[in-house]
Amino acid sequence: MTQNNQDYWNDRKQQFSASLAKDEKRLFSKLAAYYEREAAALEKQIAAYYTQYGEGNVLAYRQLLQSLNDADTQLLMQDMETFAEKYPEYADLLPVRESIYKLNRLEGLQTSVLLQQLEIGAVEQEQLTAFFLKQAARYANFSAELLGFGEQFYRIDSDMVKKAVGNSWCEGKNFSERIWDNRQKLARTLQTEVVNGIIRGEDYHTLAGNLRQKFTNVSRKQAERLVYTEDTYLSCEAAITPFANDPSFTQYRFACTHDGNACDICKALDSEAFPIKERTPGTNFPPMHPWCRCFFEIVEPDLETLRRNEEFKQKYGEYACNALTEKEKYDILKNKESLSNLDARKWYLAHDEKIPDLIDKSGSIEKQARQAFELRNSFRTITRDMMKDQETRKELDKSDPNKTFEELLESKMRRKGLTREEAIADILRTATKTRSSVNKKLGLE
């Protein structure tokens, strides 16, 4: 990276980090106030139980093993129905409806605790999704601005931003799944604390105080840890994606944050260069661990690489340019009309079978089909350009020219009697299908 770009990058990174810290502080304050209100609501539930079932300012365990009365059962059912109506996407997290009628008083209280934690999880989901989308868009535009696309290139609802926020990057889980894991774990902790407190014969103030402390402290720490770590992931992933989508950029350098809190792992990686395509959070890309605040620096390509990628993109399209390595692109442009028909066919088959792994599967079926189609056309054209036997190549261009997507679509609909949707799915399904007769002729089958 040139000095001017490096200085700009560092200055903007400091500005963005300061803004992120302020946004996080506001979010944490908002969540902390919400947790306090919910803790107070939990205390009211506990107080009601002591009033209704208490004996001498303690809850008799034997009293709580009696069946839940009809009124309390119906109240619990109403709470479940309200949650399901308000958050239908999370209704599967609720207890089985029929099981509510079999609860005793203690289990009824534990179920109320669970319902409250699910409600909190839904609120966290809404708050954090909006927060993360904003941060991801901010950092994506940070890089887009450096690339000359402008500082408002990516919207909050853009596919790239939403994909970054929804990535399952941490132990195979995304932030939403971790929210629900945290809430259900805390629910179990609180449920156990209720039982143990009753068995120990704790009075209302002791039990309520213990529950409030665990409730607020654990909620706050879990939220801060999740947000802090997720923000590091999103800022890095969203910022590097525009470069990852440009084949001219192939490497980044790990940038340890030297703020006096850096760990030995991050210090050891500082300034190390890695391929962008091989970035892996926790291995060679931030965050390396919870609470990590490291970043990266992009390695700028040389002018020859920029020129080669522009030439390749013009000849063979953006998808192929992104799919192939710099060495492969260099060899293709250098080795035109140099391969035997057998070697050219081998090259084609080797790259054609990779198409399913090169498709962006987050897109619609049609988008995936179009990408697969373009890749196959590009690989076919590259193969023919590398053939030494250009007379055979000319014959192939006449007998088997590259079709447009719409031409292939209409052909499949007509020949196979398919609907448009079926034909699109068939294009995707057969993207790696090659002619057996050609393979046999060349001794490859």
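Q: What share of the 445 residues of the protein chain counts as buried, and what makes a residue buried?
A: In this predicted model, 44% of the 445 residues of the protein chain count as buried, where buried means under 20% relative accessible area, exposed over 50%, and partly exposed in between, with a 1.4 Å probe and protein chains only. Because the model is predicted, local features need pLDDT of at least 70 and side-chain atom pairs count only at pLDDT 80 or more, while totals for chains, interfaces and linings use all residues. Residues are numbered from 1 along each chain as its sequence is written, and side-chain values use heavy atoms, with hydrogens and water left out.

Q: Why is Gln371 counted as buried?
A: Gln371 has a relative accessibility of 9%, which is set against the limit of under 20% for buried residues, and therefore Gln371 counts as buried. Gln371 is placed in helix H15, helices being DSSP runs of H or I with at least four residues, and strands runs of E with at least two, numbered from the N terminus. Leaving aside neighbours within four places in sequence, Gln371 is in contact (heavy atoms within 4.5 Å) with Tyr319, Leu358, Ile359 and Asp360.

Q: How do you know that the buried residues of H18 line one face of the helix?
A: The buried residues of helix H18 (residues 420-429) are Ala423, Ile424, Asp426 and Ile427. Seen down the axis of H18, they fall within an arc of 160°, so they line one face of the helix; the arc is that of the directions from the helix axis to the C-beta atoms. The face turned away from the buried side carries the exposed residues Glu421 and Arg429, and what covers the buried residues includes helix H15 (365-386) and helix H17 (405-416).

Q: What makes Trp291 partly exposed?
A: Trp291 has a relative accessible area of 42%, which lies between the two limits given for buried and exposed residues, and so Trp291 is partly exposed. Trp291 is placed in the loop between S4 and S5, and its phi is near 75°, a positive value in a residue other than glycine.
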